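Here are some notes on the cores and pockets, for your next look at the coordinates.

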Amino acid sequence: MRTTILIPTDFTVQSLNVLKSILVNNTTQQTYDVVLVHGVYLNDSIRDLLFYSKSQQIESLTNIEFEEACEVIKNKFDSQINSLRVDLFSGHNLSAFNNYLEGNKVQHIFISEQKPSFVNKRSFDLVPFIEKCDVEVTKVDSGLYSSIPEKGKIAEVFINQVSIG
């Protein structure tokens with residue numbers, strides 16, 4: 001069975017612990033289409049909107065550690081991940097978020113119990129929308145990772161501490 005899941009990300013390796021927890025605890029033969037989504041406000045200027053490129057925006061927000069960690073997870077859990085993509089949500093209300101979920105056929109959302117850390121001043125937290133949306137939401141305890149020396153580094157994806165709450 002194939003399920004589309006959404007996981008909010010702040011483009012840190014820690015935000016991928018939610019995905020790792022899901023995959024490690026997957027005891028069924030379920031495969032996932034994974035959407036890692038980040039909330040970002042668009043600029044208001046006409047010039048910026050005319051030349052806006054979602055792929056360039058994502059490229060400016062990501063970092064090498066995050067991209068490498070995504071590749072490691074895709075390779076390690078190849079049989080469980082049908083697809084993994086990074087996307088941006090730039091809506092301003094719950095209705096827009098529900099439309100985004102419907103358009104991407106999201107069936108389940110997993111969120112971390114930890115607050116995201118945003119580097120970009122135009123980024124925003126998706127949790128207020130997620131808590132009120134029409135899709136099933138599960139919180140994943142990523143506090144188990146708070147005392148590891150590899151925190152924030154690619155080595156963190158190799159550590160096997162997980163818990164889904």
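1. A term first. Ala, Val, Leu, Ile, Met, Phe, Trp, Tyr, Cys and Pro count as nonpolar; Asp, Glu, Lys and Arg count as charged; the others, Gly among them, count as polar. Note also that this is a predicted model.

2. Second largest pocket. Its volume is about 210 Å³. The lining residues divide into 6 nonpolar, 3 polar and 3 charged. Among them are Tyr41, Arg47, Asp48, Phe51, Tyr52 and Arg122. Helix α2 (residues 46-50) gives the most to this lining, with 3 residues.

3. Largest pocket. The volume here is about 310 Å³. Of its 23 lining residues, Asp10, Ser15, Gln114, Lys115 and Pro116 are the closest to the centre. β2 and β4 are the elements that give two or more residues to the lining. β2 gives the most, with 3 residues. By class, the lining of the largest pocket holds 9 nonpolar, 10 polar and 4 charged residues.

4. Largest nonpolar core. It has 25 residues, and Ile5, Ile7, Leu19, Val34 and Leu36 touch the most other members. At least two core residues come from each of β1 (2-8), α1 (17-24), β2 (31-40), α3 (54-61), α4 (64-76) and β3 (81-89). Another core, of 17 residues, lies apart from it and includes Leu101, Ile111, Phe124 and Leu126.

5. Ile7. Leaving aside neighbours within four places in sequence, Ile7 is in contact with residues including Ser15, Leu19, Val34, Leu36 and Phe110.

6. Helix α1. Of its 8 residues, 7 are buried. Asn17, Lys20 and Ser21 are among the buried ones. Their cover includes β1, β2, α4, β3, β4 (108-112) and β6 (136-140).

Conventions. Residues are numbered from 1 along each chain as its sequence is written. This is a predicted model: local features need pLDDT of at least 70, side-chain atom pairs count only at pLDDT 80 or more; totals for chains, interfaces and linings use all residues. Side-chain values use heavy atoms; hydrogens and water are left out. A nonpolar core is a set of buried Ala, Val, Leu, Ile, Met, Phe, Trp, Tyr and Cys residues joined through side-chain atoms within 4.5 Å. Buried means under 20% relative accessible area, exposed over 50%, partly exposed in between (1.4 Å probe, protein chains only). Helices (H or I, at least four residues) and strands (E, at least two) are DSSP runs, numbered from the N terminus. Contact means heavy atoms within 4.5 Å. On a 1 Å grid over the protein atoms alone, a cavity is a set of points where a 1.4 Å probe fits but cannot get out, and a pocket is an open set with protein on both sides within 12 Å along at least five of seven lines; lining residues have an atom within 4 Å of a point. Grid points are joined across faces, edges and corners, and a volume is the space filled by probe spheres set on the points.
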